[in-house]
Amino acid sequence: MSDTELDAVFRDYESLAVQVDGLFERVRAQFPAEVACAPGCSDCCHALFDLSLVEAMALNRAFNSGFGFGAARSAVLEAAGDADRAATRLKRRYFQRARQGATDDEILREAAQDRIRCPLLGQDERCALYERRPLTCRLYGVPTAIHGKAHACGKCGFTPGGAYPTVALDRIQDRLAELSRRLAAALGSRYRELHTVYVPVSMALLTTYDDAYLGVGPAPKEQE
């Protein structure tokens, strides 16, 4: 494992976050009346989405750095456990709906309506790790598109079908996937598919990203 290479990957992720913030601010500058994001608005903090390896590890590192042992850390981890159990139940339901013949579009529409409170959302309706929040959180509130389908926050004032600058999430996801591949390579993981693992925020907070989890070092010997 090369610390230099690892640091370079996380620096590039932070640079991508700065670029994403810039995209958001450019849209807000053009459409200040439509972008309703403001302190205390937490609509995006109940959305369902997963994090790539690089984002999950970056968030985990920020959490462990910012929250030492104590009541605040315990409260976040307890909330993460609740959120993770809720996410598991929902994903089980989506799986059953697929087996029953529901299309991907139908399941995605259902998922967009489901809500789980982010474990990092405090009682004051503010993010406990706002400066280190994932890219999805940073873009919520401006028009986005993925796989050719547009989306906008229902709290904002963008008119459906209107002509607005739209952030292409596919490109950002491609960048995150490449950073995750670089991260797995820098770790020297023996798990060939480690870079393809996606987890919700709750699991990113609960996971211990140690050598055993990451597949770093020699494989454990089987018990005889």
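In this predicted model, 10 of the 14 residues of α2 are buried, so the helix is largely enclosed by the rest of the structure. The buried residues of α2 are Leu53, Val54, Glu55, Ala56, Met57, Ala58, Leu59, Asn60, Ala62 and Phe63. From its first C-alpha to its last, α2 reaches 20 Å, which is close to the 20 Å expected at 1.5 Å a residue.

**Packing of α2 with α6**

Two packed helices are described by the angle between their axes and the distance between the axes. For α2 (residues 53–66) and α6 (residues 169–187), the axes come within 7 Å and cross at roughly 70°; the two helices are therefore roughly perpendicular to each other. On the α2 side the contact involves Leu53, Val54, Glu55 and Met57, which meet Leu176, Leu179, Ser180, Leu183, Ala184 and Leu187 in α6. Sorted by class, this contact of α2 with α6 has 8 nonpolar, 1 polar and 1 charged residues.

**Cysteines**

How many disulfides does a search of the whole structure find? The search finds 0 disulfides. Cys127, for instance, is in no disulfide, the nearest cysteine sulfur being that of Cys118 at 6.2 Å, and Cys127 is partly exposed. The sulfur of Cys156 has its closest cysteine sulfur in Cys153, at 4.2 Å, which is too far for a bond, and Cys156 is buried. The table sets out the accessibility of these two residues.

| Cysteine | Relative accessible area | Class |
|---|---|---|
| Cys127 | 26% | partly exposed |
| Cys156 | 10% | buried |

Technical notes
Residues are numbered from 1 along each chain as its sequence is written. This is a predicted model: local features need pLDDT of at least 70, side-chain atom pairs count only at pLDDT 80 or more; totals for chains, interfaces and linings use all residues. Side-chain values use heavy atoms; hydrogens and water are left out. Axes are lines fitted to C-alpha atoms, for helices over the stretch in contact, and angles run from 0 to 180 degrees between N-to-C directions. Helices (H or I, at least four residues) and strands (E, at least two) are DSSP runs, numbered from the N terminus. Angles under 35 degrees count as roughly parallel, over 145 as roughly antiparallel, 65 to 115 as roughly perpendicular and the rest as oblique. Contact means heavy atoms within 4.5 Å. Ala, Val, Leu, Ile, Met, Phe, Trp, Tyr, Cys and Pro count as nonpolar, Asp, Glu, Lys and Arg as charged, and the others, Gly among them, as polar. A disulfide is a pair of cysteine sulfur atoms within 2.5 Å. Buried means under 20% relative accessible area, exposed over 50%, partly exposed in between (1.4 Å probe, protein chains only). The expected span of a helix is 1.5 Å times one less than its number of residues.
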